[in-house]
Structure formats: C-alpha cells, structure tokens
Amino acid sequence: MPRTPGPDTPLGQLADWIEYARTAGEPEHDAMTLATATRGGLPSARIVLCRGVDERGLRFFTNYDSRKGRELSDNPHAALVFHWAKLGRQARLEGAIERLAPEESDAYFQSRPRGHRLQAHASPQSQTIASLDVVKRRMAEVTAEFEGHDVPRPQYWGGFLFRPTAIEFWTKGADRVHERIRHERRGPTWFASRLAP
C-alpha cells in the first residue's frame, strides 16, 4: 500500500493543507476543480472530491464513461485547483493521469454508502436523458435488484490516480502581494521557485 508522503515534500505539504482546511472548518475542504481536455485540446472543468493523497499522487473516483472519464482516456493529462477561501490559500497542480488498479477501486467502492453504490449502477453519467425520472426509475430498479445483496462495483466505474509534475502553493497577502511557491518535478526530484504575484 502506498505510503503517506513525507511532510517535507510538495505532496506532503498538500496533504497537510487539506487536513488543515478540514480542521479549520473549510467547507468542502477536499473539493478540487479538475480540468481535462479532449484529444484536440478542447478544455472542460468541474468539481470533484479528492479521496486521498499518497506518495504517488492524488486519487479521485468517477464513471469512466462520463465526459471527464472519456477525456482522460483520450488525453491522460489534467490540471487541478484547490481553493480554500476562508484560509486565503490555493493549490494548483499539473500532471498525468492513469487508472487505479481494480483492487483499489473495489476497496473504495465498498466503503461508499449503499445509496451511492446503487446510484453508480443507475445513472448513465453525462449521457442525454429525457428527464430525471429516467434515473429515478432506474434507481428503483437497481434497489430492488440488489435487495438483500451486496452492491458490486460496475466495471465502468473506478478511480484515477493523478501524478503531479508541478504543484504551486498560493497564499493570500495584503495589497495583493500574494506568496506563490512553485514546485516542479524532474525525475524523482522536486525543484522549488518563487513566482511574482
């Protein structure tokens, strides 16, 4: 199992910032904007939840057939942004994406509330539907189908691992004199530089 990143690494600092945001009462402390692009470079962005940081990178989970899932399959590069308004902090990341091993996706899926697992079977995420009733009817069907049984992870649902090659930490300053520290990874080594606000 991957280890927790060391506190003196950029990933360790990011994990510390996320935890500090949680203890400070920052709403949605683990929410991050995920920006993807098509093979042709057309961008899109949405909010997803970070479900862990380890020495490899960051984990999040989704329907692989959703728009973001398809774009990440076609163009396995992305950018992430955390913004903690209450704390005056932001973290920006750039890097590559890969799917998590099925075993990791299975373990996380089984930790989710039962209703969330049923919804993964019921919703054709990002597909056009006539009305929300389509999903509600399908939710009722899968609820009945799995009554008294475990809800397995659908093969089209699982995790992604984001491996950052750059992480920038931004701290709000007076008169817009913000602190910006950028870390770039070259091979196994991180190099830090200070950017003008």
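# Getting to know this predicted model

Helix α4 passes helix α5 in a right-handed crossing, where right-handed means that the near helix is turned clockwise from the far one by less than a right angle, and left-handed anticlockwise. This is a predicted model, in which local features need pLDDT of at least 70, side-chain atom pairs count only at pLDDT 80 or more, and totals for chains, interfaces and linings use all residues. Residues are numbered from 1 along each chain as its sequence is written, and side-chain values use heavy atoms, leaving out hydrogens and water. Helices (H or I, at least four residues) and strands (E, at least two) are DSSP runs, numbered from the N terminus.

**Where α4 meets α5**

- The axes of α4 (residues 114-122) and α5 (residues 132-145) come within 9 Å and cross at roughly 115°; axes are lines fitted to C-alpha atoms, for helices over the stretch in contact, with angles from 0 to 180 degrees between N-to-C directions.
- On the α4 side, the contact (heavy atoms within 4.5 Å) is made by G115, L118, Q119, H121 and A122, and on the α5 side by V135, R138, M139, V142 and T143.
- These residues divide into 5 nonpolar, 4 polar and 1 charged; Ala, Val, Leu, Ile, Met, Phe, Trp, Tyr, Cys and Pro count as nonpolar, Asp, Glu, Lys and Arg as charged, and the others, Gly among them, as polar.

**Strand β1 and its partners**

- In β1 (residues 31-37), 5 of the 7 residues are buried, meaning under 20% relative accessible area, with exposed over 50% and partly exposed in between (1.4 Å probe, protein chains only).
- β1 pairs with β2 (residues 43-49) in the antiparallel sense over 7 bridges; strands pair if DSSP finds at least two bridges between them.
- M32 has V48 of β2 as its bridge partner.
- The two strands form a hairpin with 5 residues between them, and G41 in the turn has a positive phi of about 95°.
- β1 also runs antiparallel to β4 (residues 77-84), joined by 3 bridges, and L34 has L80 as its bridge partner there.

**The buried side of α2**

- Which residues of α2 (residues 67-74) are buried? They are K68, G69, E71 and L72.
- They lie on the same side of α2 because they cover an arc of only 165° around the axis, taken from the directions from the helix axis to the C-beta atoms.
- They pack against β1, β2, β3 (58-63), β4, β5 (89-99) and β6 (157-171).

**A look at S105**

- S105 sits in helix α3 (residues 102-111) and counts as buried because its relative accessibility is 1%.
- Leaving aside neighbours within four places in sequence, S105 is in contact with F61, Y64, L100, R153, W157, G158 and G159.
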